[in-house]
Amino acid sequence: MPKTASISSRPVLATDLMASLDGLLRQWLPRQRWFAGKDRPVSELELLSTTELFPGCLHLLVHTGHGGMPAPGGAPTGDCYQLLLGVRKHLSPRLGRALIGRVEQGPLAGLTVFDALHDPRSAQLLLERLRHPGTAGPLRFERTPSARVPAGLPPRLLEAEQSNSSLVYGDELILKVFRRIQPGINPDLEVPAALAAQGCRRVPTPVAWFRTTQPQEATLGVLQPYLRDASDGWALALQALASGDDFTVQAHELGRAMAEVHLALAAAFPGSGHDDNGATAAAMTERLDSAAHSVPALRPFVPGLRGAFGALATCDSGPPAQRVHGDLHLGQVLRAGREWFVIDFEGEPSRPLAERCTAQSPVRDIAGMLRSFDYAARQRRPWRPEWARRCREAFCGGYAALAGWDPRKKHGLLRAYETDRAVYEVLYEARHRPDWLPVPMAAIERLAVRGD
């Protein structure tokens, strides 16, 4: 049994605790995949909430600031992050990758701090908290009364690059722990629960979740069924490309599945009207200008891209606005057996939560998936544009078969939303994966020069 360190027996002020953690977190946070401010120095670090979740494990909410430097996209500077920190006298070698550092001063002096989600014991205790609804300081653990949450499921932390952290329990359940926290109900809890109430089977239903009441109400994590033996659409598309196989049948079925989800979303969140194309075009243009400010490679194409947004302002309004997925791509869909499932309704994490929850054109999701086929096709050399074109056509055909309208007949809308998505991708890749930047830049050139 590892030796843990409890601070519950000795009251510790937030300022004192930060004396122990400040230096370590300033170095550790920018190295995390889910940290959004990699391109800006952390100049402010403030402890918003501290809870000893169980002996040897601290739950923290911390605010990071960047000295007033504007965030890309015009978002307010600074973010709130959720951390689960293990505290021990000594760290076992198997947890070496989780090491944050050895504390030199303050109330934790002489102890070792690490990312507790890597620790199986901490992961199992977290599941126990979800099995038994209750409170821990400002934290609230809740569960669907009829849901079954077995005990003793072995945990494993998914290693895939994500904007959050996910624990799989015994190939039966998966817990998404949100890292970047915004006030309110996270769409990844709200939307799947609403779709389940509509009888939609395309989305795993939440069985338990936890949230905080301080400093504001916010969702912290969601536990859902894990689709064992499922493969995500990205992996399946790459397998098809590697083997030279066609992917149009799967793409067509995926289009039908997405239309089914959109119809259920419209029923679950009624009352939306049509988008104001002029306002949408203005917002897209603003995002383009902001992205071009951060990524110089984008600047030569700005006039052509603005043309796509200008055309949006004058074309027909298209299908009614509604709740959408918001960040749809091949990595957000799973195929289990012969069925497609849709996951991760959090939307683009860089955008404010209120914006992600507003009704938007369903063309936004369709454009996201079309861009994803292009991304997949560019993972192999030589690039196979015909593979992507056939998948895009099949996906739109499948969608049209069920949705009652055809995306291919909304060229102006589709071009504008695909351009907006490509601009988002350029900014994302420049900040997180510079080696991938040529992929969206190729689409930027196509959309700006040829407009198709």
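**Close-up views of a predicted model**

**Figure 1. Helices α7 and α11 pack against each other.** The axes of helix α7 (residues 302-312) and helix α11 (residues 411-432) come within 8 Å and cross at roughly 140°. The crossing of α7 with α11 is left-handed. On the α7 side, the contacting residues are Gly-304, Leu-305, Gly-307, Ala-308, Phe-309 and Leu-312. They meet Leu-413, Arg-415, Ala-416, Thr-419, Asp-420 and Val-423 of α11. As in the other views, the coordinates come from a predicted model.

Figure 2. Two packed helices are described by the angle between their axes and the distance between the axes. For helix α9 (residues 363-377) and helix α10 (residues 385-403), the angle is about 155° and the axes are 8 Å apart. That makes α9 roughly antiparallel to α10, because angles over 145 degrees are counted in this way. The crossing of α9 and α10 is right-handed. From α9, the residues Ile-366, Met-369, Leu-370, Arg-371, Phe-373, Asp-374, Ala-376 and Ala-377 take part in the contact. Their partners in α10 are Trp-387, Ala-388, Cys-391, Arg-392, Phe-395, Cys-396 and Tyr-399.

**Figure 3. Helix α3 has a capped N-terminal end and a set of buried residues.** Asn-186 caps the N-terminal end of α3, with a side-chain oxygen 2.8 Å from the backbone nitrogen of Asp-188. Within α3 (residues 187-197), the buried residues are Pro-187, Asp-188, Leu-189, Val-191, Pro-192, Ala-194 and Leu-195. An α-helix has 3.6 residues a turn, so residues three or four places apart point the same way. The elements covering the buried residues of α3 include β10 (173-177), β12, β13 (218-225), α5 (248-268) and α8. After α3 comes Gly-199, which has a positive phi, near 80°.

**Figure 4. Arg-202 is a buried residue with polar contacts.** Arg-202 is situated in the loop between α3 and β12. Its relative accessibility is 13%, and Arg-202 therefore counts as buried. The side chain of Arg-202 makes a polar contact with the side chain of Glu-339 at 3.0 Å. The Arg-202 side chain also reaches the backbone oxygen of Trp-340, again at 3.0 Å. Not counting residues up to four places away in sequence, Arg-202 touches Ala-257, Glu-260, Val-261, Glu-339, Trp-340, Phe-341 and Val-342.

**Figure 5. Gly-331 lies in the loop between α7 and β15 (333-336)**. With a relative accessibility of 28%, Gly-331 counts as partly exposed. Beyond residues up to four places away in sequence, Gly-331 touches Asp-232, Trp-234 and Ile-343. Ala-430 is 99 residues from Gly-331 along the chain, and the C-alpha atoms of these two residues are separated by 19 Å.

Figure 6. Most residues other than glycine have a negative phi, and most peptide bonds are trans. In the loop between β12 and β13 lies Pro-215, and the peptide bond from Gln-214 to Pro-215 is cis, with omega near -5°. Asp-229 is found in the loop between β13 and β14 (231-232). Although Asp-229 is not a glycine, its phi is positive, at about 65°. Asp-229 is exposed, with a relative accessible area of 72%. Asp-344 occupies the loop between β16 (339-342) and α8. The phi of Asp-344 is also positive, near 60°. Asp-344 is partly exposed, its relative accessible area being 21%.

Figure 7. The protein averages a pLDDT of 90, and 94% of the residues score at least 70. Over residues 1-10, however, the pLDDT is below 50, and this stretch has 21 contacts in the model beyond near neighbours in sequence. Residues 71-75 also stay under 50 in pLDDT. For residues 71-75 the model has ten contacts beyond four places in sequence.

Note on methods. Residues are numbered from 1 along each chain as its sequence is written. Side-chain values use heavy atoms; hydrogens and water are left out. pLDDT is the predictor's confidence in each residue, from 0 to 100. Contact means heavy atoms within 4.5 Å. Buried means under 20% relative accessible area, exposed over 50%, partly exposed in between (1.4 Å probe, protein chains only). Helices (H or I, at least four residues) and strands (E, at least two) are DSSP runs, numbered from the N terminus. A polar contact is a pair of N or O atoms within 3.5 Å; within protein, one must be able to donate a hydrogen and the other to accept it, and residues adjacent in sequence count only if both atoms are side-chain atoms. Axes are lines fitted to C-alpha atoms, for helices over the stretch in contact, and angles run from 0 to 180 degrees between N-to-C directions. A crossing is left-handed if the near helix is turned anticlockwise from the far one by less than a right angle, and right-handed if clockwise. Angles under 35 degrees count as roughly parallel, over 145 as roughly antiparallel, 65 to 115 as roughly perpendicular and the rest as oblique.
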